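Please look over the sequence and the three-dimensional structure shown below before reading the notes that follow.

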Amino acid sequence: MALSIHEEGTVAETVERVLDFARSAVNCSHAGVAFVHAKRRIETVASTDAVVTAFHAREMELKEGPDLSIGRDRNSLIVDDTLTDDRWPAWASVAAECGLRCVIWVRRYTSQRIMG
């Protein structure tokens, strides 16, 4: 995946490639690419459907959740079940209401900088 993404010419092409890989790698129903700016603002740059975009917006309103918690020291995060995860209670409740039960985050970065 890394080599394939590196070959893409534009950010839009790279993002689409990431979505394709994410959906095929874990056979998920929803996928999105978001940039988290200074751990304060989530920018959804692409998603497979409106559920992902709305979900990121709700996370910003709640000011809690994995997107805002994933730091430089963590490359990925998994929520096995939003009905039982207690790290971000308000976030988990909204996720379950949106139909999202299992969620995976993978940070995209190079050796020089974090990209998304």
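The points below cover the nonpolar cores, a pair of strands and one glycine.

This is a predicted model, and its largest nonpolar core is made up of twelve residues. In soluble globular proteins, nonpolar side chains tend to be buried together.

**The nonpolar cores**
- The twelve residues of the largest core include Phe55, Ile70, Leu77, Val79, Trp88 and Trp105, and β3, α5 (89-97) and β4 each contribute at least two residues to this core.
- The largest share of this core, four residues, is supplied by α5.
- A second, separate core has five residues, among them Val15, Ala31, Val33 and Ala46.
- Leu100, a member of the largest core, touches His30, Val51, Phe55, Thr82 and Ala95 when residues up to four places away in sequence are not counted.

**Strands β3 and β4**
- Strand β4 (residues 103-106) pairs with β3 in the antiparallel sense, over four bridges, and Leu77 stands opposite Trp105 of β4.

- Gly32 lies in strand β1 (residues 32-37), and it counts as partly exposed because its relative accessibility is 39%, which falls between the limits of 20% and 50%.
- Apart from neighbours within four places in sequence, Gly32 is in contact with Leu19, Ala46, Ser47 and Val52.
- Gly32 and Val51 are 19 residues apart in sequence, and their C-alpha atoms are 9.6 Å apart in space.

Notes. Residues numbered from 1 in each chain as written. Predicted model: local features only at pLDDT ≥ 70, side-chain atom pairs only at ≥ 80, totals over all residues. Heavy atoms only, no water. Buried < 20%, exposed > 50% of the residue type's maximum accessible area, 1.4 Å probe, protein only. Contact = heavy atoms within 4.5 Å. Pairing = 2+ DSSP bridges. Core = buried A, V, L, I, M, F, W, Y, C linked by side-chain atoms within 4.5 Å.
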